[in-house]
Amino acid sequence: MKLTFSKNLDYSQENDISSLINEFKEHKRYDFVRELKNEELLKSVKDVYKKYQHFKSFAQIGIGGSSLGPEMLISALAKNDVQFTFFNNIDADDTYSKLNKLNIRDTLFYVVSKSGGTAETMATFSIITNELLKSGVKEQDLKDHIVFATDPKESSLLKLGSELGITCLDIPPFVGGRYSVLTPVGTLPALFAGIDIELMLSSAYEYGINNFDSDDFKNTCRSVLSAYEDGINETVLMPYSSKLRDLSFWFVQLWAESLGKKKDGKRIGLTPVPSYGATDQHSQMQLFMEGPLNKLMLLIHVQNTENDFSLKNSFNHSRLKMLSEYSLKELMDAEFFGTLKALDEQGVPYINLSIESVNEKSLGQIIVYFELLTSITGLALGIDPFDQPGVEAGKIYSFEWLEKLK
Ligand code: PA5
């Protein structure tokens, strides 16, 4: 992964990024890097995969960090025709249509909840269990169709798992939901998708250990922070790749839930904006170019795609001949580099992450790069990037509402 910074970004400021990085290496929350090397955890996931690999349909039940990361891995890297379904919302029509497309007895259901009690996940789990029982699966055989992943110490899912004999994979205690994609939350579905998880974990670990102190990484932190001081409080993630489209949605949760906080009564936050090129050049780009100068663009350029198409053709029509000397990938590159030049002209700040191709190695690095960037940015702003107190009130009021329905 190679980084370039637009000229108008200021990373010259002497600040305490290096000491924050050193302190964070001792922090329990750095476990999202340390746990990448947890051989026992890796073995437990591989063992579960071996036991259930006959399933050609895999359905993950989870929300937020228990779904967005796996969705990103599957859309970027899936290599086989295993059918994936993500029950990631409690929309009744969506649940109905997803269930309708499944052969319920031939599907492995992976119920993921770090806390073990998230209402949305439990609601869908109860529907699925009911459907399995209705299809003739006996209660004592539910364990042949369901796997859990949850906190190994404090979780009601853990208790239920032991009551029903359902295999429970561990989500390491200090790895929170939105930082958990490279734990069993994401590695089990990745194995079903034929993804080389050892390569992904080792490249992520390598980045998290060796590149954490690099100038590139520190300059990213400094750029984000000094831009924020100058009122640049929106962060656009725009990979020029359809395969990386879901990376933007994963990033949205990571960035928003970690960095939008109250500090001493003051509201702090960097608003993430999901986007992908070239498609969003015909949607949001006008705003990015000429709208308020309050956005930092994080662009991702993919140097090589697996496939390409020549735009040569036998039509004798000027509109179709216009591009015939080029390939589809060359057109994508032209749009990417053309956009960079236009952003320079408009004075819109950007950081460009260039990767060789979308693969296990590059995705592992990108994931850890963003997780570390989020952590250090939050700590530098003096907030806790690992909690989410602001969502609690809404949860309490939802249950109050339900009580009234009784
Ligand atoms: O990042 C977080 O901790 C949260 O957004 C969770 O991912 C989300 O609330 C789902 O929680 P759980 O995995 O406990 O069901």
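Ser 57 is located in strand β2, which spans residues 57-61 (strands being DSSP runs of E of at least two residues, and helices runs of H or I of at least four, numbered from the N terminus). The model is predicted, and local features require pLDDT of at least 70, side-chain atom pairs count only at pLDDT 80 or more, and totals for chains, interfaces and linings use all residues. Residues are numbered from 1 along each chain as its sequence is written, and side-chain values use heavy atoms, without hydrogens and water.

Ser 57 counts as buried because its relative accessibility is 6% (buried, under 20% relative accessible area; exposed, over 50%; partly exposed, in between; 1.4 Å probe, protein chains only). Beyond its neighbours within four places in sequence, Ser 57 is in contact with Val 82, Gln 83, Leu 102, Asp 106, Thr 107 and Leu 108 (contact, heavy atoms within 4.5 Å). With one of these residues, Thr 107, Ser 57 forms a side-chain to side-chain polar contact at 2.8 Å (a pair of N or O atoms within 3.5 Å; within protein, one must be able to donate a hydrogen and the other to accept it, and residues adjacent in sequence count only if both atoms are side-chain atoms). Between the C-alpha atoms of Ser 57 and Leu 259, the distance is 36 Å, at a sequence separation of 202 residues.

Trp 401 belongs to helix α16, residues 392-405, and counts as exposed because its relative accessibility is 58%.

Zero disulfides are found in a search of the whole structure (disulfide, a pair of cysteine sulfur atoms within 2.5 Å). Cys 221 is buried at 0% relative accessible area, whereas Cys 168 is partly exposed at 24% relative accessibility.
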